[in-house]
Amino acid sequence: MNDAQPTAPSRVRGWVARTGPGTILFAAAALLSGVLLLHFMSRQTFWRDEWDFLLHRRGWGLDTFFHPFVEQLLAIPVLIYRVLQSTFGMDSPVPYQLVAVLLFVLSVVMLFVYARRRMGEWLALAVTLPILFLGPSWDDLLFPFQMALFGSIVCGIGALLVLERRDRTGDIVAMVLLIVCLFFFDLGVAFVAGATVELAFGRDRFRRAYVVAVPTFLWLLWYAGWGHDAETFISLKNFAYAPSYIADGLASSIATLVGLGSINFNAPRSPLEWGRPLLVLAAVVFGWRLYRLGRISDRLAATLAILLGFWFLSGLNTNPLAPAEVGRYQYIGIILLVLVIAELMRGVVVGRIATAIVVFVGVTAALANAPELFDASDGIADQSVREKGGLAALELARDQVDPNLQLTEENSDVNYLLLLDAGDYLSAVDAYGSPAYSPEELASAPEPARVAADKVSGAALRLGLSPAPGGRTGPCVTRTLSEGHPATAPGGVIMRSPGPGIQVALRRYATESFPLALGTLTPGRPELIQIPIDRSTRIWTIQLSGTGAVDVCDRAP
């Protein structure tokens, strides 16, 4: 009798054999994806739609969670943001980013599990690798707000998996997952439609009808109470163009899945260039596979309904900013496409050489998609620098700013989508902390942050030229136009130009430019720049440009 214990190498080989090398490689790739995304996000702050959740949904009433965002039900993402904001505050976006990345990675894990059951671990690895590094969908992967999509995918695929049990426990779990799927994002409508199609094919369709009836009833209840007030782009024109929109959506997803849909930021191209020919080829293969199958299975019909339903609903509600090939749709489109591919591949035996070729294509596609994540991350980091600089200036001007002031791209160098106003932002800062630079950090921040700070300060303090009132002035000097003049007088600065065309600009934090253009001096008329006192100790500097000289006087307080 041999009592020898297995050696470490043999235990490792046994674990690899039990787990599967393809599964282990997927796990490593998923871990790498998560680490990379967190690294990219470490340079960014809250941005875009996140401000709606952080500033305008701070209560705990039903309206906070069920009021539609645009036209969408996002009750669970709002709940997540409320819990995180109440627990961790707004000083750092890291907790929000962690939740989003975990949900994204989990969504791809769920897809891998689904695909592996149908076509084996190696083909499942091939179709999920490009999604883990899906650069064309950077505005999903690098945007914590899109946890709405990730959570909906996790619950939708989970519902499909437990429906396969065909028992009461599985059906109840599927029903709950479909409800959560709907409350994460409106993609849940497509998953409920797919589950309805699958159950309709079964003999026990009436006994199991509650699986989709309850989620549908709850969604209709929400629509009656809140959703019907939402603005949409649904129109007969969109309905007529829906088939074309669906075709372009499928074409874009196919091209991006195989790495031919990535957009080079320096030489942009549409994924439809490769996608449309690939769609024709895919249609031929699909028809041939259906012919070999002889019939459409319940699950294949369900996944087709989910895929086509998503693209149809997206096309029905499209607008000029949401074409089918837009990057943020590709994450969803590819995952739903892979669900269909997995069903078509069920039972197909693929040889080693063919499998190796498919895995090679998957790896190549992942490598082709990934660079766009790096490029987009740099762009978001630059925007975050401007955000933190502008918001720091807003906080410094809190004693003077109009609470109704809205930050726009014009007055802050950042497009806040009209979601950030001074009153709500400063109120949230008082309650939850600040994501902005501190005054000390702002002084040494990159130049774009300091430029944004000067622009926001100008808007918050309402800086501009105005006719100088009569009265006593302080010391006056004649300035040539190559000189800067410190704007330090408590009463402001009065300027008079004898000639036309003298431009006036200001800066406080910027060092390479004068970002705040105040306009042109009226010849012969004294004009005043009055700068209200805020919480910054940094002085302003005036720039005069044009030809000639200008009399500059400190106005007596």
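Residues 24 or more positions apart account for 80% of the contacts in the chain with a separation of 6 or more. Contact here means heavy atoms within 4.5 Å. This is a predicted model, in which local features need pLDDT of at least 70 and side-chain atom pairs count only at pLDDT 80 or more, while totals for chains, interfaces and linings use all residues. Residues are numbered from 1 along each chain as its sequence is written, and side-chain values use heavy atoms, with hydrogens and water left out.

Start with the whole chain. The chain has 20 helices and 9 strands. Helices (H or I, at least four residues) and strands (E, at least two) are DSSP runs, numbered from the N terminus. Along its principal axes the C-alpha trace spans about 100 × 60 × 50 Å. Of the 557 residues, 51% count as buried. Buried means under 20% relative accessible area, exposed over 50%, and partly exposed in between, with a 1.4 Å probe and protein chains only.

Now turn to helix pairs. Two packed helices are described by the angle between their axes and the distance between the axes. Axes are lines fitted to C-alpha atoms, for helices over the stretch in contact, and angles run from 0 to 180 degrees between N-to-C directions.

Take α6 (residues 94–132) and α15 (residues 327–344). Their axes come within 11 Å and cross at roughly 25 degrees. That makes α6 roughly parallel to α15. Angles under 35 degrees count as roughly parallel, over 145 as roughly antiparallel, 65 to 115 as roughly perpendicular and the rest as oblique. The crossing of α6 and α15 is left-handed. Left-handed means that the near helix is turned anticlockwise from the far one by less than a right angle; right-handed means clockwise. On the α6 side, the residues in contact include Phe104, Leu111, Tyr114 and Arg118. On the α15 side, they include Tyr331, Ile335, Leu339 and Glu343. By class, this contact has 13 nonpolar, 1 polar and 2 charged residues. Ala, Val, Leu, Ile, Met, Phe, Trp, Tyr, Cys and Pro count as nonpolar, Asp, Glu, Lys and Arg as charged, and the others, Gly among them, as polar.

Next come α10 (residues 187–201) and α14 (residues 298–316). Here the axes come within 8 Å and cross at roughly 150 degrees. That makes α10 roughly antiparallel to α14. Their crossing is right-handed. In α10, Phe191, Gly194 and Phe201 are among the residues that meet α14. In α14, Ala305, Gly309 and Phe310 are among their partners. The contact of α10 with α14 divides into 12 nonpolar, 2 polar and 3 charged residues.

Ser252 lies in helix α12 (residues 236–257). With 0% relative accessibility, Ser252 counts as buried. Not counting residues up to four places away in sequence, Ser252 touches Pro271, Leu272, Ala324, Glu325 and Gln330. Ala397 sits in the loop between α16 (352–396) and α17 (409–412). Ala397 also counts as buried, at 0% relative accessibility. Leaving aside neighbours within four places in sequence, Ala397 is in contact with Ala460, Leu461 and Asp534.

Finish at the strands. In a regular strand the side chains alternate between the two faces of the sheet. Strand β8 (residues 540–545) shows alternating side chains. Trp540, Ile542 and Leu544 point to one face and are buried. Strand β5 (residues 503–507) runs antiparallel to β8, joined by 5 bridges. Two strands pair if DSSP finds at least two bridges between them. Within this pair, Val504 stands opposite Leu544.
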